[in-house]
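Subject: Structure handover

Hi,

Here is the structure I promised you. Please open it alongside this email. My notes follow below.

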Amino acid sequence: LEHYIFKIRPVKNFICHHKNIIVILIDNFTPDFKNLTDWEKYLNDNKLTREKMVERLNNGENPYPENFYDAEYSVEDLISLHAVPNRTVDARGVMTIDDYSSQYVNVCDGKRVTVGQPEVAKRTVHVFGGCGFYGIGMPDKSTFASRLQSQFNEYALEEGFCVVNHGSFIWGKLDAMWYILNVVDYKDGDIIVLPYNQRWAQFFYRNIDNIIYADITQRNGGELFNDAWHPSENGIRTYATNLFT
């Protein structure tokens with residue numbers, strides 16, 4: 001019943017009202033517990049949540065392996081990457097993020113800034129999800145939306161795709177994500193990307209033309225996680241590349 005209410009029904013309802021929108025379901029950013037790397041074992045054995053990693057940073061320790069990020073960041077820089085802007089939930093249950101500005105983390109009009117958006121777009125890719133999709137611990141250029149935008153700019157610039165990051169801090173509450181999704185203005189031909197469970201996606205939606213399940217979990221080398229649950233810079237790049245290809 002819980003799966004039906006919070007996963008199956010919302011997608012079907014959305015498709016009924018947006019028949020010219022393509023929905024791509026992808027696996028949420030979750031470690032493969034049957035094939036953990038040594039780093040992932042370390043994270044899970046020590047229950048190193050994002051909060052515990054930030055605690056280490058606040059104590060002056062860099063908890064990440066050498067060259068873990070694409071650029072060299074000081075401990076202070078890494079702390080700033082984990083900044084959580086203020087959030088507001090209105091009477092409808094719609095969560096918005098307050099605008100925020102810093103060297104690495106920026107929010108404008110309630111959405112995390114996506115780097116490389118074209119000035120004029122023919123179609124929009126709307127990315128929804130929790131803090132991993134928002135890009136917690138990432139600079140603007142390394143969020144899932146920015147990495148996906150980079151792929152479009154490099155390989156399909158003439159198509160005029162603009163990627164928008166609707167990722168938020170939903171604390172695992174899927175109903176909050178559906179509230180956010182249903183207040184967006186869409187155009188025919190737009191694409192939405194939703195985190196989903198592979199088993200449910202393949203079972204319930206395999207015969208619906210404009211719902212696609214994409215397996216983006218294939219590893220291409222490097223570590224995929226910053227902590228026990230949130231993707232690393234390399235992980236996000238891997239997932240975005242897998243989805244685009």
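Which residue in S8 is the bridge partner of valine 125? The partner is isoleucine 191. Keep in mind that this is a predicted model.

**Strand S8**

Look at isoleucine 24: valine 193 of S8 stands opposite.

S8 itself spans residues 191-196. Is the strand mostly covered or mostly open? Mostly covered: six of its six residues are buried. In a regular strand, side chains alternate between the two faces of the sheet. In S8, both faces are covered. Ile191, Val193 and Pro195 are buried on one side. Ile192, Leu194 and Tyr196 are buried on the other.

**The cavity**

A search of the whole structure finds one cavity of 30 Å³ or more. Helix H6 (residues 144-155) gives the most to the lining, with three residues. By class, five lining residues are nonpolar and three are polar. No charged residue is part of the lining.

Best wishes

Definitions and conventions. Residues numbered from 1 in each chain as written. Predicted model: local features only at pLDDT ≥ 70, side-chain atom pairs only at ≥ 80, totals over all residues. Heavy atoms only, no water. 1 Å grid on protein atoms, 1.4 Å probe; cavity = no way out; pocket = protein on both sides within 12 Å on 5 of 7 lines; lining within 4 Å. Points joined across faces, edges and corners; volume = space filled by probe spheres on them. Helix = DSSP H or I, 4+ residues; strand = E, 2+ residues; numbered from the N terminus. Nonpolar A, V, L, I, M, F, W, Y, C, P; charged D, E, K, R; others polar. Buried < 20%, exposed > 50% of the residue type's maximum accessible area, 1.4 Å probe, protein only. Pairing = 2+ DSSP bridges.
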